[in-house]
Amino acid sequence: MEKEIENRSIVCYTPMIMTNGIWQGENPLNYSLPLFMFQLIIIALTNRALFYILKPLRQPRVVSEIIGGVILGPSVMGKVPHFAEILFPLRSIKMLETTANMGLIFFLFLVGVEMDIEVLKRTKHKALVIAISGMIIPIAIGTSTSFFVRSYVTNDIQNSAFLLFFGVILSVTAFPVLSRILTDLKLFNTNLGRIAMSAALINSIIGWVMFTIAVALARNENSPVASLWAVLSAAAYVFICIFMVRPAIIRVIQQTPDGESFDDLHISMILCGVMVCGLIADVIGIHFIFGSFVFGLVIPNGPLGAALAEKLEDFVSGLMLPLFFTISGLKTNLSYVETEEGLVLMGIILAACIGKAISTLIVAICYGMPLREGFSLGMFMNTKGLLELIVINIERDKQVLDEKAFAIMVITGVLATSIITPVVLMAHRRARTNISYKRRFIDSKLNMELRILACIHTPRNVRTIIKLLEASYATKKSPISIYALHLVELTGRSSDMVTVHNMHKGHRWIENHNMGSSSQIINAFKNYEKKVEGVSVQTLTAISPYSTMHEDICDVALDKCVAFIIIPFHKQQKVDGGMETEHPAFRTINQNVLASAPCSVGILIDRGPGGINRLDYHIAVLFFGGPDDREALSYAMRMVEHPGIHLTVVRLLEGELMTNPCEDESILTVITDNGERQIDDEFINEFRQKKVDDEAVLYTERVVKNVEEMVSVVSGIDNSLDLYIVGRGQGMMTQLTVGLTDWSDCPELGVIGDMLASSDFAATVSVLVVQQYVGEVKEERVETPDSPMLQREQLLDNIQMNDFKVSSVSGAYGSGPAWSSSTVDP
């Protein structure tokens with residue numbers, strides 16, 4: 001009997017999973033599942049509320065999630081009587097931690113899927129040196145102070161393991177967090193953003209190696225041989241994943257036809273493989289997240305990774321992963337920070353952060369980077385986040401760190417990350433106010449470079465934009481630099497932001513939602529660059545919410561010193577000739593770009609197959625006068641240098657019928673304007689003098705007295721045209737256009753552009769609506785967008801303009817008001 005009692009095991013458990021209902025007088029929070037769901041609700045609401053509160057300060061989500069945990073923990077709400085006992089009792093913590101670690105496994109798998117190891121092969125020497133130099137000083141500080149710090153924060157653990165743990169904490173850069181910060185700051189498309197992401201990727205790989213070795217040493221501190229076996233087993237695991245698992249996955253991808261979804265069995269097997277790899281890593285003595293991370297790395301870049309991210313990202317990143325950050329905050333007690341040990345440890349960590357920033361700044365300056373960018377890069381390399389929290393949680397669980405050290409390291413990491421975005425944002429805002437470049441206009445001269453930013457939403461935009469760029473006539477003496485910017489909506493997934501980096505570094509882009517469209521766009525511009533001499537193309541991607549996408553466009557234009565932005569119209573032509581809206585947000589983007597662009601802007605309306613589709617182009621410029629029309633004609637003057645371009649310029653002058661008292665007949669008198677009209681006349685005279693002998697140019701003038709006559713003239717132009725180029729006409733209101741204002745559907749096109757783009761207009765010809773930049777020009781006063789003051793205002797000094805009369809004649813456009821038709825004649 002006694003022997004039977006000795007063999008028995010006593011197991012304590014609670015069978016209370018689900019409640020029988022409040023109507024039987026039961027408290028749902030006494031049951032495991034209702035309590036767990038209530039905790040998830042409270043955590044999600046707290047994190048979301050803090051995220052919106054901190055959003056104006058441009059804080060990454062990890063900061064709000066950790067602060068949310070601190071608020072729900074012993075530092076704030078824990079001081080409320082019975083709060084922790086009711087909402088976070090000890091019996092529920094293990095379930096929360098288990099769920100959080102399961103979310104951690106799948107999140108690290110996704111991070112591995114979204115990382116492109118090929119980037120390391122293409123990484124420039126600069127990023128490698130910055131990454132390594134940024135780790136040397138923190139590790140040196142950690143090494144020199146490890147014995148002193150160890151007496152404060154550790155129990156019995158060998159110094160080699162603690163040294164590696166401490167080195168990871170001080171030197172690591174949070175790659176996923178940094179990608180979100182760069183995206184929020186609109187720096188992903190800049191040289192600074194690419195260098196920061198490359199250096200952070202290298203830093204993360206080195207940090208993972210140090211982390212793996214540290215875990216092996218900590219788990220087998222009493223057996224060096226066991227630690228060696230753990231490291232060797234980890235190397236063998238990596239070898240198997242690369243040379244056995246990856247080829248098997250590649251075969252699965254090859255067996256799936258292009259454009260078709262992957263079999264559910266294959267997806268399920270991969271998801272099971274994530275847990276199997278985590279289990280293997282834990283069994284061989286390496287942390288489970290290392291197994292899932294490496295498994296994610298061997299997933300080939302392509303549609304399979306996109307499909308996995310599509311299925312997992314929202315649930316893992318939106319619900320399960322925040323639990324890990326929140327639990328880290330729940331374990332944090334701010335009262336420990338005020339202790340002597342806390343202040344010493346915080347000082348050491350801050351010294352390592354400062355040292356890392358200074359070393360990065362020095363290396364950046366040695367490579368010729370501006371001081372402000374070097375400072376920003378040093379701040380970026382101090383971004384803390386996931387890996388640091390994983391390390392200190394492991395150290396706490398193994399009692400390597402006590403409660404004080406844990407709280408201090410969590411708070412220090414949050415402070416270091418939270419100050420990065422505001423400080424860098426302040427520095428770059430100040431820098432942008434000082435950015436100035438002269439060529440913000442289209443110059444018709446062919447002895448200088450023209451920089452164009454071509455924006456693209458879908459592959460449908462590519463054909464017409466490339467044809468327009470071909471017509472812009474690039475040569476060796478007059479090159480064109482084109483920045484093709486693919487505009488993609490940010491869905492809130494980290495995969496989207498990492499994708500930008502991959503495309504920039506290797507010209508490969510994994511697009512989660514439309515894999516084929518991205519490759520079509522990139523290949524189209526590559527082919528264009530190869531076949532046209534004098535053209536250089538750089539492919540960029542802006543991934544952001546539609547509400548702020550115009551900021552990306554304007555920032556790229558400013559960084560690249562662009563003279564002309566081309567953006568597609570928000571409507572596309574249907575088969576029946578009508579115009580349909582492609583996406584309502586595209587119109588808002590265009591309106592915002594027109595309002596805030598740092599250079600001239602052109603909205604391109606593609607009117608279908610009848611548009612720019614031949615090597616022999618026929619272009620017409622409708623010139624009413626004003627800065628926008630002059631800019632449109634400047635662009636056309638550059639285009640007509642192309643041997644296959646034929647240009648027709650129709651100048652429409654506002655006139656009125658008057659009676660000649662001597663001859664008792666009516667004549668048409670042009671209404672003059674002593675301001676803009678004088679500048680227009682000087683500009684037209686200059687144009688006619690340059691093109692006097694050019695047979696490809698036809699210049700005509702028409703004097704019309706009302707809207708009907710103006711529409712008649714425009715409708716009578718040759719139907720063989722490929723493109724209309726017109727000015728938007730901002731601030732230029734005349735009697736010729738005032739009658740059309742009330743009928744305008746798209747004011748951003750101006751009255752004439754809206755008329756030409758309308759489905760009611762008989763001719764289906766593509767239209768380019770041009771707006772000239774009239775913002776702040778160096779050494780000139782600031783003007784509003786509607787102001788008529790322009791860079792060419794100095795032309796007024798040489799202008800002498802008199803009223804003139806034109807007799808009624810007839811010509812190729814049919815009878816009507818007085819007009820004249822001729823080739824260019826000075």
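1. Which residues make the nonpolar surface patch of about 370 Å²? In this predicted model, the patch is formed by Leu128, Ile132, Ile136, Ile137 and Ile206. Helix 7, which runs over residues 125-153, supplies the largest share of the patch with 4 residues. Leu128 is placed in helix 7, and this residue counts as partly exposed because its relative accessibility is 37%. As a general point, an α-helix has 3.6 residues a turn, so residues three or four places apart point the same way.

2. Helix 14, residues 303-330, deserves a look along its length. The helix has 28 residues and reaches 38 Å from its first C-alpha to its last, close to the 40 Å expected at 1.5 Å a residue.

3. Helix 17, residues 386-397, has 12 residues and spans 16 Å from first to last C-alpha, close to the 16 Å expected at 1.5 Å a residue. Helix 17 is also mostly covered, since 10 of its 12 residues are buried under the cut-off of under 20% relative accessible area. The buried residues of helix 17 are Leu386, Leu387, Glu388, Leu389, Ile390, Val391, Ile392, Asn393, Ile394 and Glu395.

4. A search of the whole structure returns 14 salt bridges. One of them links Glu533 to Lys476, with the closest N and O atoms 3.3 Å apart. Glu533 lies in the loop between helix 21 (515-531) and strand 3 (535-544), while Lys476 lies in the loop between helix 19 (460-470) and strand 2 (480-489), so the pair ties together parts that are 57 residues apart in sequence. Both Glu533 and Lys476 are exposed.

5. Another salt bridge brings together the side chains of Glu701 and Arg651, at 4.0 Å from N to O. Because Glu701 belongs to strand 11 (residues 697-704) and Arg651 to strand 9 (residues 645-660), the pair ties together parts that are 50 residues apart in sequence. Glu701 counts as buried at 14% relative accessibility, and Arg651 is likewise buried, with a relative accessible area of 5%.

6. Within helix 25 (residues 676-690), Glu686 and Lys690 are 4 residues apart and therefore separated by about one helical turn. These two residues form a salt bridge in which the closest N and O atoms are 3.4 Å apart. Glu686 counts as partly exposed at 33% relative accessibility, and Lys690 is also partly exposed, with a relative accessible area of 44%. Elsewhere, salt bridges that share partners join Arg651, Arg677, Asp681 and Glu701 into one network.

7. Tyr473 has a phi near 60°, a positive value in a residue other than glycine, and its place is in the loop between helix 19 and strand 2. With a relative accessible area of 24%, Tyr473 is partly exposed. Cys561 has a positive phi of about 55° although it is not a glycine, and Cys561 lies in the loop between helix 22 (549-559) and strand 4 (564-568). Cys561 counts as partly exposed at 31% relative accessibility.

Note on methods:
Residues numbered from 1 in each chain as written. Predicted model: local features only at pLDDT ≥ 70, side-chain atom pairs only at ≥ 80, totals over all residues. Heavy atoms only, no water. Patch = residues over 30% accessible without salt bridge, like charges linked within 9 Å, V, L, I, M, F, W, Y side chains within 5 Å. Areas by Shrake-Rupley, 256 points an atom, 1.4 Å probe, with all protein chains shown as cover. Helix = DSSP H or I, 4+ residues; strand = E, 2+ residues; numbered from the N terminus. Buried < 20%, exposed > 50% of the residue type's maximum accessible area, 1.4 Å probe, protein only. Expected span 1.5 Å × (residues − 1).
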